[in-house]
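The following note sets out some points for a colleague who is reading this structure. Please consider them with the sequence and the coordinates at hand.

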Amino acid sequence: MCDVIKYSRIYSEISQLQPEDTLQLVLEAKSKEERDFFELVGNFLLQKKQKQVIERNLF
C-alpha cells in the first residue's frame with residue numbers, strides 16, 4: 001500500500017506552486033514524460049484558480 005501521508009505532503013507542496021514555478025519545471029524537465037507531467041500540474045492549478053475566480057464572481 002502507498003504512503004498516504006507522503007503523497008498528501010506532496011500534494012500540499014504542489015498546490016503552493018505559482019505559474020512561474022510550473023513553467024520553470026516544464027523548461028527544466030529531463031524527459032518528455034516529465035515535461036508532460038509538469039504541464040498537467042500547471043493546467044490543474046490554473047483550472048483551480050479559474051474555478052475560484054468564477055465562484056467569487058470576479059470574472
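1. Helices here are DSSP runs of H or I with at least four residues, and strands are runs of E with at least two. On that basis, the protein chain of this predicted model holds 3 helices and 0 strands. Read from the N terminus, the order of elements is α-α-α.

2. The radius of gyration of the protein chain is 14 Å, well over the 10 Å that the globule rule gives for 59 residues, so the chain is more spread out than a compact globule. The C-alpha trace spans about 40 × 30 × 15 Å along its principal axes.

3. Of the 59 residues in the protein chain, 14% are buried. The accessible surface amounts to about 5400 Å², and carbon and sulfur atoms account for 58% of that area.

4. As to charge, the protein chain carries 9 positive and 10 negative side chains. The centres of these two sets lie 4 Å apart.

5. Aromatic rings pair if their centres lie within 6.5 Å, and the count by this rule is 1 aromatic pair. The pair is formed by F37 and F38, with 5.5 Å from centre to centre and 65° between the planes. Planes over 60 degrees apart count as edge-to-face, and the pair of F37 and F38 is edge-to-face.

6. Are the two members of this pair, F37 and F38, buried or exposed? Buried means under 20% relative accessible area; F38 has 16% and is therefore buried. F37, at 44% relative accessibility, counts as partly exposed, because that class lies between the 20% and 50% limits.

Technical notes:
Residues are numbered from 1 along each chain as its sequence is written. This is a predicted model: local features need pLDDT of at least 70, side-chain atom pairs count only at pLDDT 80 or more; totals for chains, interfaces and linings use all residues. Side-chain values use heavy atoms; hydrogens and water are left out. The radius of gyration is taken over C-alpha atoms; the globule rule is 2.2 Å times the number of residues to the power 0.38. Buried means under 20% relative accessible area, exposed over 50%, partly exposed in between (1.4 Å probe, protein chains only). Accessible areas come from the Shrake-Rupley method with a 1.4 Å probe; for residues, only the protein chains shown count as cover. Lys and Arg count as positive and Asp and Glu as negative; His and the chain ends are not counted. The place of a charge is taken as NZ of Lys, CZ of Arg, CG of Asp or CD of Glu. Rings of Phe, Tyr and Trp (its six-membered ring) pair if their centres lie within 6.5 Å; planes under 30 degrees apart count as stacked, over 60 as edge-to-face and the rest as tilted.
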